[in-house]
Each structure stands twice: as C-alpha cells, then as structure tokens.
Amino acid sequence: MQVHRVSRQYVIRKLLIMIPSLLGISVVLFSLLALAPGDPFDELATNPAVPPEVRAALRAKFGLDDPVWMRYWHWLIALLQGDWGFSFVSRMDVSTLIMQRLPVTLIVIGASQILAIAIAIPVGVLAATRPYSLFDQVANTFAFIGFSLPTFFTGLVLILVFSIQLDWLPFVYRADIAATGWAFYWEHIKQSIMPVTVLGLFQGAALVRFVRSSVLDVIRLDYVTTARSKGIGERKVITRHVVRTALIPVVTLVALQMPIVFSGAIVTEQIFRVPGIGSLLISSMLANDTPVVMGVTFVSACLVVIFNLIADILYGWLDPRIAFR
Amino acid sequence: MALVSALALAVILFAVLAGPFIWRVPINEIDFAAKLQGPSWKHPLGTDDLGQDLLSRLIYGGRISIAVGFAAMVVAIFFGVLVGAIAGMSSGRVDAALMWVTDLFLSLPQLPLLLLVIYLFREPVKGVLGVEGGAFVLIVAVIGGTRWMSAARLVRAQFLSLREKEFVEAARALGASRLRQVTQHILPNALGPVIVVATIDVAAAIIAESTLSFLGLGFPSDVPTWGSVLRDAKDYLDIAPHWALFPGALIFITVLAINFIGDGLRDALDPRRVL
Amino acid sequence: MAEPLLDIRGLKTWFKTDDGMVRAVDGVDLHIDRGETLGVVGESGCGKTVTARSVLKLIDMPPGRFEAGQILWQGRDLIPLSMDEMDKIRAKEIAIIFQEPMTSLNPVYTVGDQIAEVIALHQKLSRKQAIAGAAEMLRLVDIPNPERRVHDYPHQFSGGMRQRVMIAMALSCQPKLLIADEPTTALDVTIQAQILELMQEMKERFGMAIMLITHAMGVVAETCQRVTVMYAGNVVEEASVEALFGDPRHPYTQGLIRSIPRVDRSAEKKQRLEAIAGTVPNLLDPPLGCRFAARCKFAMDVCTQGLPPLKEVGPGHYVRCVL
C-alpha cells in the first residue's frame, strides 16, 4: 500500500520548534557552568600542560568579569561557530575529538535500537493478540525482568558468560583491528555483539509493553472488524491494519526513551570500553577536562532533540491525519 | 506477583536494617590472607581483593542504596507535585511555561546531566558537608532534581480534571481559599497515581545511584554501596565472579520487586478510574 | 420452494462474561431469499447486531461462542468452517457495512487502497487495476471526482461520504448478500435518505439481497419486502412488510409500530405517541417463558410458563405469541 508524503510545512514547523529546545538546553548547561563555584579555568592553572598565555587568552575570550547574559551570549556564539574549546588532556579541539568518537556511539545506539524494535514488535504483537495467554504472561514477566536489570549488571554477566566462561567473544572493544577485508568486519561485529545486546535487550523489554498495550488499543477498533470482513485473512488484518496503526504511538515512545538510551550507552561503553562519546565523557570527567565534558553533554542533548525531530517526522509520515493539519 | 515482591522487598529491607546487629564483621577489616575468596562459613558471600567481608559490605551498601532511592524519590515527588499543582491550578502562561520546562527536562539526557552536575559541584559540597554526607546530599538532590517531570505531568493532568469536579466547585462556592481547595480537596484525590509513580521512582533512583557509583562518580569507593562494590569487582570477573554477582543480583531483585509492586498498585488503583 | 440464500436456524450466540453467560442471540430463525431485502428490527441489545456478525463469524471467540444452530449459506453450514474458508466467503459473497462510518475505515490508508485491497484479493488483479476498480466503485456510489478522491484519506470525507465509501467497498466484489448493520443511524436525517436510496439503487443494479438491520420502522416500511422482528435474543414475528404493518400480531410489534411518529394521525385524531413500558430483560438470566411477558399488557399465566413456538398465522407470517 502506498504511503503519503509529509508536507514541507510540517517538517519546517518541526524544525522551528527545535530551536527553543536547543536554546533551553544551552541555558541549562550554561547556568550549571556559571553556578558552579569557583572559576572553571582554575584547574588549568595547576595543569602544567597549559601555558599561562593560553589561559590568559581563554579568560579574555570568555570575559569572565562580564555580566552573566553577556557571557552566555559569547558562549553561545562560540558554540554555534563550532568553537567548543580545546582539550588539554587529548591535545586537540573538542569538536574534532567528539567527531572522532561520535560515529561509534551512533552505530552502537542505532544497532541496539534496531535489535530492540526487532524483538519488541513481534513479541508485543503476539502477546497482544493472545491476551492473558501463557505466551503473554511469559513475555510480560521477561519484559519486567529486562527493564529491572541494570545495564551495568547485564554487561558484566554477559562478559562473565561469553568472554570468560565460553571465550566466544572479545572482552574489550578495540578500534585498531589489524585484520583486513571480511575478517575486519567480522571482528568488528564480534566485538559489537555484547554492547549492542545489552542495550537492545534493555530497550526491547520496555518497548514490548508499549507495543502490547498499543496493539490492544487498536485491535478493538471498528476498522479492524471491517478489515476482517474483507476476507483478507487474520495475518494481514494484524500486520496491515492493526500493527501499522499501533506503531504510530510507539514511535513517540521510542523518541521519549532516547535520553534513557543515552544513559545506557554511557554505561555500556564504559563496561566494554567502546571508544564512543560516553566513555569519553567519563574519562574526561575523571581527568577534569571541563571543555570536553561540556561539549559531550551538549552533543548528547542535541542528539536527543534530533531524534525527537526524526520521530516527529516519522509520526507525520505514518499518520496522514497529522501532516495535513 | 506483587505480594511475592512485597515479601522479597521486606526481607531485603529487614536484612539491611537489622543486618549489622546480627552480622558483626566490620566492613573495612582488611585481611589479605583471605582475599578474593568465594562463599564460605566465615564469609558467607566471600571477600574482595582486600579480604574485606562482602556480606557486611553489602548490608551497609544496601542501607545507602535504598536510603538514596527513597530520599531521591521524596525529592522528585515533592518537586513534581509542586510544579504539577502550580501548573494545574494556574492556567494560560504559567501553565504553558512550566510545561515547556518540564518537556525540556524530559528531553535532556539524564545521565550526562547527572554526571555533569556531580562533576561540577562535587568538590564544594564535599567541603561543606564532608565526604560521605556531601556525596549523599548531592546524589539525592541531583537524582531527585532530574526525575520530577513525570510526576509533574501526572499531577497536572489530575488537577486539570479534578478541579472541574463538582465537589471542588462546591468547596470553591463555599469560599474555600485556593490553598485549601488544593490541600483538602484536590491533592488527596490525585494521590493514587502519584503513589504508583513514586514507587517506580524509588526503583529508578536506586538504579541511578548504582550507575553513578559504578561509573566512579557516585560515592567514593571506600564507602561501599551496591554500585561501588560492583565497580570494584568488575576487574576481577575472571577470578572472583561472586564478588560482582552478589551486589548485581541484590540491585536486580530489589528493583524488580519494587517495579512489580508498582505494577500491582497501578492495577489496584487504576489511574484511569480517577480521571 | 427454492432454497433460500441464507437460512439461519436456531442460532445461539452466547458470550462468556465475568457475571456469567450472556445469551445475546438465543435461538434465532430467519432466512433471506435471493434479491430480496429483509429488515431485521428491534431495540438496542436485542441481538440484531450479534446475529449479523455471526453470519460472517466476526464475533470474537472467546468470549463469544456458537452454542447451537446452523447458518446455511446456499445450503452450506458456515459454523464449522475454518477462518480460511470463511475468508473466501467474506466480501466476495457476503459483505457487511457498519453503523459508524467515522470509525469503520482505517485512518492511515487512502480509501482507494482500502477498496483496492478487497478487489485485488478476490478478483486477482494487480494493484493498479484494483485502484482503477476502486475509482470506478466510488463513481458508482456518486462520489464526485472519483479519480482524485481514491487517493484521499478517510478523514478528508464527511460521514455520509464515508458511508458511501463503505458501500463501495462492500459492493466491490458484487456479493450476493449485503448485511447493513444500522447503516444510517449515525448520519444526519437528510443524508440517511440518500444512503438508503443509494443502497436501493445498488441492489437493483447488482441484484443482491440485503439484510437491513435497523431500529427505525420507517426505514423498514420504505425499503424492505419482508421483516423479522427480534426481541431479547428471539425472533418474535416474521412477515411481509404489508402484513406486518397492516396486521401486526405480536404485542411487541404492535408497540413498535405505534411508537412511530406520524404527522397525519397525531394532528387529526390527537393520538399520543405510545411508548412501550419497561425495559429489556436481563440476558444473563432470561425469563423462562415469553421474554416480552413482563412488558406485555395481554400477558397471561401461560406466557411465563414456556417459550411459545413460532406459529404460522398467514402465508409467510409467523408469530411467537399464544394469542
């Protein structure tokens, strides 16, 4: 069946709505920075890696004696120009550093979301079409267990079983794999299995319940009876008429879950030492590398906003009633 | 399921509260001769790399983890009810502004924000309140401060519908002040769903605390909490798996039990019936 | 006499609930001949809708189940058929339209897609051909600009237009029977007449039979040849339209007819509109005897002792009453 086109105004409107959100996030971050007692650049004084003139230049650039709103303005302009500061620990621009690490995180998050959806949709739909059956109850119990298991614990258990006991999968994620060709990809896949599984199962568990309740809401509607009366068969009734509509609210819920996914990604990256922005955040916190900490926090907040935008567009694409409004 | 969970939670609560009086091994007694041992009669849950007894460390850690969970929930519910009540009673701009802020906080990635605040404020708070107390107050405040949004939205929705109900209108007609309307008539009726959210918040706060400690940004590692014990254990997974499994299982069982209780309460209180 | 198109015999469709078995349909007999319009009337909850949905087996099972009876479609009992076998009959031989046109169409697909879905399946056509067929059907039901409108979504149509779409969809495979479950109840009065007229026109064009379920006696008088009156899960009277309106035998039918507002009568003879006193009996635990007895002004002792049989009082005129 054909899918309608999302109108351009809809997308533009959603893009415009993003701007106040991003500004809000920047205000929150800047307030935290400004409220933090002491001069955020004090620690640079004790850092022998920083020449005094760099520090003086930084102080001047940030105009630490200016009124707050002015400092915010300068900070925001610098942020927008991509001038996110310099990491004295890694000796490179913060933006370069983050860009190096970001793809890994996005791949891990993306793959785990695909895994989560691949689990949640079939399980949730099956459970909803047989409410209160044995399958439903088992699925429900597993879903509960799944989102009550903290990701750091699942990660450790997987390492214990698959790396230490069975020795099937590598323990630690490595960016510099010596192999080439197929072996190269295979090694990458192998080392990604556990982080992706940990995140995917956690997400999937929460999603199963959403999908189930959404399908249960749709399956009682009149047009499902209409679909049954067409003689297209129960399978097509479910896939074409029930699931397709039931997924619309699920898209929003997936987007609302993004902040939680990021939290999970930070933990998983830390456990498996995946070189993404999550482990970068932790290591720069432990190394007192403030510019990187601020940069990563801002980037992750932006990513959540962008995922929300994608969800909004998907929503408009899935639900013709929205895009016409 | 909810009853079994309540029982399990009661057992854990009893163990961490009464545990220190029954199991009197100090948490920081170092015994290198007995390091990294598995469970035995002398150390029922084994020992860590310094030969410290895990059972007493986990009992102590449980106290902290659960206390953080409840305290953070109280903070979160307090702010949530406050924001939700103000938004629900006022209308127009105040409501819209508060809801915008709520949605903004909902879309912020929680863990990076938690980590950032702790990172920025750790040292000064420690200076004022001491190492352990400082960490406790900061962690509770931060977890509570980033988890109030769902309670706020819920309370607002409840208020919007309840304030139009006849019994509230009657109170209004009788000249009850706004504060009295809220505290005497609306809030008690909005409480059911809030209790459900509060229950689930305890579980989420316990996970958040464990996560922070696990990442090394929660309690300092000489203070055992379930998360920090797990962090210390993760480098010894190959030779002392028990060290990681016990705290992990405790977190899991506690959180699972609380979630099941929340679900049971939801069924019993069915928020839709109130709306 | 020729075999009827549809012959329902002693159908019982019950629903299991927390409070017990609800006997929604409790022994219904009715039949429809080729090309005729049968009206099924009765008040809300009398089992008309459940009967209609039972024919296509659109009842959720559980909680519903067929307790007894046969649904003979051209002599073949539908009750034992599997869902796969039912799917070959649905839409192709028996089609149905519902009361709520606003919610009976899937909001996320164009109306063309939804009609084409049926055409492509039962007539084994490609999607493109099926969409062309859908546009043709829309033209038949008098939707202006059908070539453009096939690509519109249900929310872009008004209620009356959506019911036309539903009719187009139901008729797209030229079924032998159209079940119309209160097709006009949710519509404005002016639109109701248009929809009924359209159904009449379609019936003549395709030569199908219609089972028209309604609680409006006026609609029955205008469109049907024969009528079955239902009360509390039973058939209480069956007759041709002329016989039923001219000589209603069951007190319930008489009550129904008297409750039709009539401008001429009330003005001249100052007759008051009569309502039937009381409410429908509880179907969880229906009374032993005639189910109307409690509300009937002619009720006697014998009425509460056993369910009276349907007896023939004239050619093709049956009534379930001891009188």
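B:Leu114 touches B:Val142, B:Ile143, B:Thr146, B:Ala208 and B:Leu212, leaving aside residues up to four places away in sequence. Touching, or contact, means that the C-beta atoms of two residues, placed from the backbone, lie within 7 Å.

This is a predicted model, in which local features need pLDDT of at least 70, side-chain atom pairs count only at pLDDT 80 or more, and totals for chains, interfaces and linings use all residues. Residues are numbered from 1 along each chain as its sequence is written, while chains are lettered from A and ligands numbered from 1 in the order in which they are written.

The model scores ipTM 0.82 and pTM 0.79. Chain C averages a pLDDT of 84, and 95% of the residues score at least 70. pLDDT is the predictor's confidence in each residue, from 0 to 100.

B:Leu114 is among the residues with the most contacts inside the largest nonpolar core, along with C:Ala134, C:Leu177 and C:Met211. That core has 251 residues. A nonpolar core is a set of buried Ala, Val, Leu, Ile, Met, Phe, Trp, Tyr and Cys residues joined through C-beta atoms within 7 Å. Buried means 20 or more other C-beta atoms within 10 Å of the residue's own, with C-beta atoms placed from the backbone.

Chain A has 14 helices and two strands. Helices (H or I, at least four residues) and strands (E, at least two) are DSSP runs, numbered from the N terminus. Of its 325 residues, 42% count as buried.

**Interfaces**

The contact between chains A and B takes 36 residues from chain A and 35 residues from chain B. H13(A) gives the largest share of the chain A side, eight residues. The contact between chains C and A takes 27 residues from chain C and 22 residues from chain A. On the chain C side, H3(C) gives the largest share, five residues.

Classes are nonpolar (Ala, Val, Leu, Ile, Met, Phe, Trp, Tyr, Cys and Pro), charged (Asp, Glu, Lys and Arg) and polar (the others, Gly among them).

| Side | Nonpolar | Polar | Charged |
|---|---|---|---|
| Chain A, touching chain B | 28 residues | eight residues | no residues |

**Strands of chain C**

In strand E10 (residues 234-240) of chain C, six of the seven residues are buried. Six bridges join E10(C) to strand E9 (residues 226-231), running antiparallel. Pairing requires at least two DSSP bridges between two strands. C:Val227 has C:Ala239 as its bridge partner. Two residues separate the strands of this hairpin, and C:Ala232 in the turn has a positive phi of about 50°. E10(C) also pairs with strand E12 (residues 317-319) in the antiparallel sense, over two bridges. There, C:Glu237 stands opposite C:Val319.

Methods: A residue is buried if 20 or more other C-beta atoms lie within 10 Å of its own, exposed if 12 or fewer, and partly exposed in between; C-beta atoms are placed from the backbone.
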